[in-house]
Amino acid sequence: MLIDFHTHLDFYQTEELQKELTDFSATIIAASVDEESYLLNLAIFQWAKSNARACHIIPTFGIHPNRADQTAPLLEDPNITARYTKYLEQSPLVGEIGMDFCWSKCSPQNQEKVFRWFLQYCDRRGKACVIHTKDAEAKIADILLDYPKARPIIHWYDGPESIFREFIRRGYPQTFGVETIRSSHIQKLLALTPPELLLAETDNPDSEPWLGGNRSDVGLIERVYNEMAELLKMPRHQLENIIEENVSRIIPKFKEH
């Protein structure tokens, strides 16, 4: 079974995505960047249940650090936080959340406020959460110590090796994607990752074109698996089994989705 642990299905054009999903066999975890994004991912999930039976979509709710300035004031409204909490309750895991000191124009204070709001929920519920860390790795490493019952998953890490080693020591799973084959640094991080912490992602549909490639189709996850298996010097079926077992530990009742 192929499992794409991090995508943004709501970024696709609807007709293009439906055509791709119809005959695609895999599990796709659809990250959200805000409320609107999550509702779109729910609609994709509902469509796929009837029209793409071999493709299992798992929508997840989160607020990306790029939406922190808009979101932080909303967290003072109990009606909105009640709605967000409802989304979190129905979401098997939380994501995408985190902080970004490289590309995001949102204030660090608002990013931290939103990030901590989600972590408080994850800590209270013991829930897994997918975390964006770009250039905020040290800050995030410190913040996560305040929420010991949250279950972080680090998305597309390319930061300092020392912090990566600390995340591995803490047992945080790591996603590897389309940049892995292009980056000797990420390849070293992959080699440092214990099998029980390995996950695969595409970050579709934008990541591969952003890196200079020409693919954004859902089938890109198969290439990621092939590249990871080659780098790890293991048969692809073995990697598939490892990742499936890892996802089963992260998402309750995963195989029922």
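Student: Which strands each supply at least two residues of the lining of the largest cavity?

Tutor: Strand S1 (3–7) and strand S4 (94–98) do. Strands here are DSSP runs of E with at least two residues, helices are runs of H or I with at least four, and both are numbered from the N terminus. This is a predicted model, in which local features need pLDDT of at least 70, side-chain atom pairs count only at pLDDT 80 or more, and totals for chains, interfaces and linings use all residues. Residues are numbered from 1 along each chain as its sequence is written, and side-chain values use heavy atoms, without hydrogens and water.

Student: What makes a space a cavity, and what makes it a pocket?

Tutor: On a 1 Å grid over the protein atoms alone, a cavity is a set of points where a 1.4 Å probe fits but cannot get out, whereas a pocket is an open set with protein on both sides within 12 Å along at least five of seven lines. Lining residues have an atom within 4 Å of a point. One cavity of 30 Å³ or more is counted here. The largest cavity has a volume of about 40 Å³, and Phe5, His6, Ile29, Ala31, Thr60, Leu93, Val94, Gly95 and Val130 line it.

Student: How do you know how many residues of that lining are charged?

Tutor: Asp, Glu, Lys and Arg count as charged, Ala, Val, Leu, Ile, Met, Phe, Trp, Tyr, Cys and Pro as nonpolar, and the others, Gly among them, as polar. By class, the largest cavity's lining has six nonpolar, three polar and no charged residues. The largest pocket has a volume of about 540 Å³. Of its 22 lining residues, His64, Trp103, His132, Trp156 and Asp203 are the closest to its centre. The pocket lining divides into six nonpolar, eight polar and eight charged residues.

Student: Why are the buried residues of helix H6 said to line one face?

Tutor: The buried residues of H6 (137–144) are Glu137, Ile140, Ala141, Ile143 and Leu144. Down the axis of H6 they fall within an arc of 165°, so they line one face of the helix. That arc is taken from the directions from the helix axis to the C-beta atoms. What covers these residues includes helix H5 (108–125), strand S5 (128–132), strand S6 (151–154) and helix H7 (161–170).

Student: Why is the pair of glutamate 76 and lysine 113 called a salt bridge?

Tutor: A salt bridge needs a side-chain nitrogen of Lys or Arg within 4 Å of a carboxyl oxygen of Asp or Glu. The closest N and O atoms of glutamate 76 and lysine 113 are 2.5 Å apart, so the pair qualifies. Glutamate 76 lies in the loop between helix H3 (68–71) and helix H4 (78–90) and lysine 113 in H5, so the pair ties together parts 37 residues apart in sequence. The structure holds 18 salt bridges.

Student: What makes glutamate 208 buried but glutamate 76 exposed?

Tutor: Buried means under 20% relative accessible area, exposed over 50%, and partly exposed in between (1.4 Å probe, protein chains only). Glutamate 208 has 3% relative accessibility, so it counts as buried; glutamate 76, at 57%, is exposed. Lysine 113, at 32%, is partly exposed.

Student: Which partner does glutamate 208 meet in a salt bridge?

Tutor: Glutamate 208 meets arginine 223, at 3.1 Å from N to O. Glutamate 208 is in helix H9 (residues 207–210) and arginine 223 in helix H10 (residues 220–232), so the pair ties together parts 15 residues apart in sequence.

Key:
Contact means heavy atoms within 4.5 Å. Grid points are joined across faces, edges and corners, and a volume is the space filled by probe spheres set on the points.
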